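User: I want to learn how to read charged pairs in a model. Please take me through it step by step.

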Amino acid sequence: LQAYGNVSYAYLQNDASFLTVNRALGPNVGLRFSYPIADGGARRIRQQVAVLEKEQRLLEQSDTQLQLQKELYNAYAQYRNGLEQLRIEETNLELFERNLTNLENRFRLGTATPTEVRAAQLNLSAANNRITAYRFNVKRAEIQLYLLSGKISEF
């Protein structure tokens with residue numbers, strides 16, 4: 001629906017017709033209504049495209065939720081696995097400490113070689129390094145869990 005209005009003045013002079021001068025002065029007001037009878041199916045196609053886009057967005061939302069859930073489960077599994085590895089390595093640390101103490105005592109008695117003592121020291125040092133690495137991995141997994149749960153945000 002269109003509405004229009006204007007005021008005009010027109011002066012035409014034509015020597016070739018029986019009217020030599022033609023004047024028009026006044027307002028011009030009106031309404032136009034148009035409805036396309038055939039638009040080539042464009043309206044129906046736009047509706048179908050809108051329905052498909054809506055379905056696509058719903059699928060993307062569902063996919064995002066599943067992806068987040070998967071990442072959350074993986075982060076939790078890494079956290080639990082890291083805690084278990086840390087617990088095992090801490091119990092192994094006690095074994096390495098006892099082994100080193102026993103080898104040092106045997107070395108003092110002359111029944112162990114310096115190479116055996118040094119190997120026990122290296123084993124104990126490696127165990128301490130692994131414990132430090134496991135603690136770091138557990139803390140990193142814990143931070144990832146907080147991040148995924150929304151308790152902290154990335155900078």
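Analyst: Start with exposure. Buried means under 20% relative accessible area, exposed means over 50%, and partly exposed lies in between (1.4 Å probe, protein chains only). This is a predicted model: local features need pLDDT of at least 70, side-chain atom pairs count only at pLDDT 80 or more, and totals for chains, interfaces and linings use all residues. Residues are numbered from 1 along each chain as its sequence is written, and side-chain values use heavy atoms, with hydrogens and water left out.

User: What is a salt bridge, and how many does the structure hold?

Analyst: Side chains of opposite charge can pair when their charged atoms come close. The cut-off: a side-chain nitrogen of Lys or Arg within 4 Å of a carboxyl oxygen of Asp or Glu. The structure holds five.

User: Which residue pairs with Glu89?

Analyst: Arg130 does, with the closest N and O atoms 2.9 Å apart. Glu89 lies in helix H1 (residues 42–109) and Arg130 in helix H2 (residues 114–149), so the bridge ties together parts 41 residues apart in sequence. Helices here are DSSP runs (H or I, at least four residues), numbered from the N terminus.

User: Is Glu89 buried or exposed?

Analyst: Glu89 counts as buried, at 7% relative accessibility. Arg130 is partly exposed, at 31%.

User: What does Arg135 pair with?

Analyst: Glu90, with the closest N and O atoms 3.2 Å apart. Arg135 is in helix H2 and Glu90 in helix H1, so this pair ties together parts 45 residues apart in sequence. Arg135 is partly exposed at 48%; Glu90 is partly exposed at 32%.

Note on methods. Helices (H or I, at least four residues) and strands (E, at least two) are DSSP runs, numbered from the N terminus.
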